[in-house]
Amino acid sequence: MEKLLTMEPENITRTITDFLNLVKIPIEYSQLSTHTFLPGILIHQGRLIIDLDKLKYSGDLLHEAGHIAVTPSEKREHLSGDVHKCGHGPAEEMAAIAWSWAACTKIGLAAEVLFHPDGYQGGSKNYIESFSSRGGFGYPLLAYWQMCQPDSYPTMEKWLRD
């Protein structure tokens with residue numbers, strides 16, 4: 001399958017949101033008047049709020065959706081704003097990155113859509129190299145949570161943590 005990078009940004013966004021709907025990550029479109037960590041994206045009560053006018057990088061939707069996906073179902077509705085203030089630490093951050101890579105791979109997007117040059121504190125190129133060579137990190141947690149098998153990652157068995 002040809003990796004999708006050359007499509008229009010709105011088509012990439014639509015491809016991602018179609019996938020998120022399919023895997024039952026709740027999304028909502030709304031104008032955001034507050035500052036957000038990532039432009040045009042806010043997690044509120046376990047939902048991904050998207051301001052299409054402010055969204056800068058569509059791939060960031062996958063990362064933020066990853067935070068929702070790796071949160072236990074009984075805690076998801078309490079996930080709002082800064083996920084680190086809601087109990088997400090380095091482990092959940094790594095798992096969200098691994099989840100977003102699996103999602104990016106599943107829907108056939110180019111790695112650069114997810115790991116764009118302005119993200120990941122300058123480490124995007126290293127992340128692309130690591131995950132593309134079947135390395136990466138975070139997926140052992142996905143396996144521990146029974147979301148995938150470690151030997152078949154990035155193929156996921158389920159997209160939401162129980």
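How many bridges join strand S2 to S3, and in which sense do the two strands run? Four bridges join S2 (residues 41-44) to S3, and the pair is antiparallel. This is a predicted model, in which local features need pLDDT of at least 70, side-chain atom pairs count only at pLDDT 80 or more, and totals for chains, interfaces and linings use all residues. Residues are numbered from 1 along each chain as its sequence is written.

Helices (H or I, at least four residues) and strands (E, at least two) are DSSP runs numbered from the N terminus; two strands pair if DSSP finds at least two bridges between them. S2 and S3 form a hairpin with two residues between them, and Gln45 in the turn has a positive phi of about 50°. His44 stands opposite Arg47 in S3. On S3 (residues 47-50), strand S1 (residues 27-29) pairs in the parallel sense over three bridges, with Ile27 opposite Leu48.

Pockets were found on a 1 Å grid over the protein atoms alone, as open sets of points where a 1.4 Å probe fits, with protein on both sides within 12 Å along at least five of seven lines; lining residues have an atom within 4 Å of a point. A volume is the space filled by probe spheres set on the points, which are joined across faces, edges and corners.

| Pocket | Volume |
|---|---|
| Largest pocket | about 710 Å³ |
| Second largest pocket | about 320 Å³ |

Of the 29 residues lining the largest pocket, Phe37, Leu38, His63, Glu64 and Glu93 are the closest to its centre. S2, helix H2 (59-69) and helix H3 (90-107) each supply at least two lining residues there. In the second largest pocket, H1 gives the most to the lining, with six residues.

How values were computed
Side-chain values use heavy atoms; hydrogens and water are left out.
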